[in-house]
Amino acid sequence: MSSSTSARLISRSAPAGVPAVLQPVPASAIAEAEDRTRDRVLNAVLEHGPVSAAELGDLLGFTPAAVRRHLDHLARRGVIEIKRVARAGAGAGRPARRYVLSSQGQSSLGDDYLNIASSALKQLEHMAGSEAVREFAVERFSDMERRYAPEVEAAGADITARARALSAALSKDGYVSSAASIEAKAPLPAALSSVQLCQGHCPIQQLAAQFPVFCDVETEVFSRLVGVDVRRLSTLARGGHVCTTHIPTGRPAVQGRETPAAPGTSEVLPENPDEVSNHLQERP
């Protein structure tokens with residue numbers, strides 16, 4: 001007789017007023033609940049990383065011991081990793097432990113067909129040159145620009161508002177984006193204030209690692225959408241834990257910015273003196 005059957009028999013035979021014996025929870029149900037909880041922890045690391053175990057516990061309502069148990073499991077699987085971050089204003093002491101998604105964790109979130117795409121782009125580059133790959137990237141991001149433009153324009157002329165509208169549009173497309181205002185403090189001039197636009201997920205991360213032009217073209221799109229020259233500080237493709245774009249807010253928007261020319265035309269994109277090519281980025 002199985003243990004679950006025994007539990008049911010005991011429950012039926014219990015006299016009135018005596019609490020029934022609880023049936024044991026199947027091991028499969030426990031494992032499923034654990035997997036769901038770890039998925040919540042993983043998604044929270046994706047959205048808020050770099051994040052501490054204590055911050056994750058507050059966000060998810062877990063005890064410190066529970067959240068560390070799930071973090072240890074995810075770390076053993078290789079989908080998250082620990083970053084040592086210096087404490088703000090601290091001269092001594094050990095750096096704080098912060099959790100971020102690893103490259104393996106990023107890849108597990110949706111890199112279907114990237115091997116095929118990579119092979120196709122290598123063949124395109126071999127047959128038609130690097131400019132053909134750039135034209136492909138321009139075509140890919142032109143759809144993003146057309147879709148995002150109405151939402152960003154609706155935010156008005158304020159650069160911070162436009163950056164936040166861009167971040168919201170990116171998040172709806174699964175980039176897990178955020179926009180944080182960085183205010184310049186005296187003696188620095190207010191003109192140095194900025195927004196840091198962060199993307200926690202990139203669906204073509206492996207592709208962009210092989211072809212940095214995808215990051216370059218995306219940066220150009222961001223610049224045209226918000227109306228100022230922007231600078232890419234880090235990318236997932238080059239080893240950063242997020243893609244970070246510096247958007248200056250203390251300067252006027254550039255008027256009359258043009259969208260990219262269709263592939264195959266002779267129109268040249270305007271030069272962007274503040275733009276940093278992603279293949280020159282170092283790991284932050």
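Two strands are taken as paired if DSSP finds at least two bridges between them. Helices (H or I, at least four residues) and strands (E, at least two) are DSSP runs, numbered from the N terminus. The model is predicted; local features need pLDDT of at least 70, side-chain atom pairs count only at pLDDT 80 or more, and totals for chains, interfaces and linings use all residues. Residues are numbered from 1 along each chain as its sequence is written, and side-chain values use heavy atoms, with hydrogens and water left out.

Four strands form an open sheet with antiparallel pairing, in the order β3-β4-β6-β5. β3 (177-182) and β5 (231-234) stand at the edges with a single partner strand each, so one side of each has no neighbour in the sheet. Neighbouring strands are turned by 25 degrees against each other on average, direction ignored. Axes are lines fitted to C-alpha atoms, for helices over the stretch in contact; angles run from 0 to 180 degrees between N-to-C directions. Six antiparallel bridges link β3 to β4 (residues 194-199). Ala180 has Gln196 in β4 as its bridge partner.

Two helices are described against this sheet. Helix α8 (residues 159-172) touches β3, β4 and β6 (243-248), and its direction makes about 160 degrees with that of β3. Contact means heavy atoms within 4.5 Å. Helix α10 (residues 213-226) lies across β4, β5 and β6, at about 130 degrees to β5.

α10 also packs with helix α7 (residues 130-153), at an angle of about 30 degrees and with the axes 9 Å apart. α7 is therefore roughly parallel to α10. Angles under 35 degrees count as roughly parallel, over 145 as roughly antiparallel, 65 to 115 as roughly perpendicular and the rest as oblique. The residues of this contact comprise 15 nonpolar, no polar and six charged. Here Ala, Val, Leu, Ile, Met, Phe, Trp, Tyr, Cys and Pro count as nonpolar, Asp, Glu, Lys and Arg as charged, and the others, Gly among them, as polar.

A salt bridge is a side-chain nitrogen of Lys or Arg within 4 Å of a carboxyl oxygen of Asp or Glu. The count is seven. In one of them, Arg134 pairs with Glu220, with the closest N and O atoms 2.9 Å apart. Arg134 lies in α7 and Glu220 in α10, so the pair ties together parts 86 residues apart in sequence.

The axes of helix α3 (residues 53-60) and helix α4 (residues 64-77) come within 9 Å and cross at roughly 115 degrees. α3 is therefore roughly perpendicular to α4.
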